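Here's a quick briefing on a structure, with a helix, some strand pairing and a pocket to look at. Have the model open while you read.

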Amino acid sequence: MSKNWSQLARTLAPYVPTPDFTVRAMMALVRPTVDDVFVDVGSGDARLVRAAARYGARSIGIEREAEYMALGRRALRREPQRVKDLVELVEADVFSCAALLSRATIVSAVLTTEGNAELQEFLTLTLRRGTRVVGHSYAIPGWQPVRMAEGYAQEIFLYEIGKSNA
């Protein structure tokens with residue numbers, strides 16, 4: 001029996017904006033470049049997407065809640081045109097976006113431990129070997145980080161598909 005991914009999306013993560021210091025620390029850990037496609041799962045106000053775009057990465061925010069998508073669109077309007085040109089915001093639940101995720105070289109997943117546990121199977125099935133997955137505060141159960149950092153009293157975890165989940 002297959003999972004109902006869309007139903008699971010409703011319980012994966014409450015909206016809690018990532019502190020700016022933690023955003024900077026996450027970007028320092030993943031080091032996005034113009035060669036990357038950065039996808040934020042549950043992008044909320046799009047702060048991680050916008051940060052990755054400032055480094056030149058093509059950036060996609062996936063958010064299922066219209067209220068938070070509106071926050072992200074408002075925040076994006078305040079960015080310079082070079083950042084706006086690199087950002088795409090998609091209103092959908094992540095489990096309906098396998099094609100978008102499969103293009104990613106970096107995925108940001110800031111979810112609860114339970115959310116990460118549910119998402120890990122989907123990420124394993126969807127992401128290519130070598131894709132980096134970054135999150136903070138809650139580890140992905142069963143995966144081993146390739147690197148860790150601190151971001152304003154929050155642990156930041158960097159995983160790599162094929163190494164962390166082997």
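Which residues in α7 are buried? Keep in mind that this is a predicted model. The buried ones in α7 are Gly115, Asn116, Leu119, Phe122, Leu123 and Thr126.

**Helix α7**
- Helix α7 covers residues 113-126, so to speak a run of 14 residues.
- From first C-alpha to last, α7 reaches 20 Å, close to the 20 Å expected at 1.5 Å a residue.
- An α-helix has 3.6 residues a turn, so residues three or four places apart point the same way.

**Strand pairing around β7**
- Strand β7 (residues 155-160) pairs with β5 (residues 132-136) in the antiparallel sense, over 5 bridges.

**The largest pocket**
- Its volume comes out at about 620 Å³ for the largest pocket.
- A set of 33 residues lines the largest pocket, and Ala13, Pro14, Tyr15, Gly42 and Val110 lie nearest its centre.
- Elements giving two or more residues to that lining are β1 (37-41), α3 (47-54) and β2 (58-63).
- Sorted by class, the lining of the largest pocket has 17 nonpolar residues, 8 polar and 8 charged.

How values were computed
Residues are numbered from 1 along each chain as its sequence is written. This is a predicted model: local features need pLDDT of at least 70, side-chain atom pairs count only at pLDDT 80 or more; totals for chains, interfaces and linings use all residues. Side-chain values use heavy atoms; hydrogens and water are left out. Helices (H or I, at least four residues) and strands (E, at least two) are DSSP runs, numbered from the N terminus. The expected span of a helix is 1.5 Å times one less than its number of residues. Buried means under 20% relative accessible area, exposed over 50%, partly exposed in between (1.4 Å probe, protein chains only). Two strands pair if DSSP finds at least two bridges between them. On a 1 Å grid over the protein atoms alone, a cavity is a set of points where a 1.4 Å probe fits but cannot get out, and a pocket is an open set with protein on both sides within 12 Å along at least five of seven lines; lining residues have an atom within 4 Å of a point. Grid points are joined across faces, edges and corners, and a volume is the space filled by probe spheres set on the points. Ala, Val, Leu, Ile, Met, Phe, Trp, Tyr, Cys and Pro count as nonpolar, Asp, Glu, Lys and Arg as charged, and the others, Gly among them, as polar.
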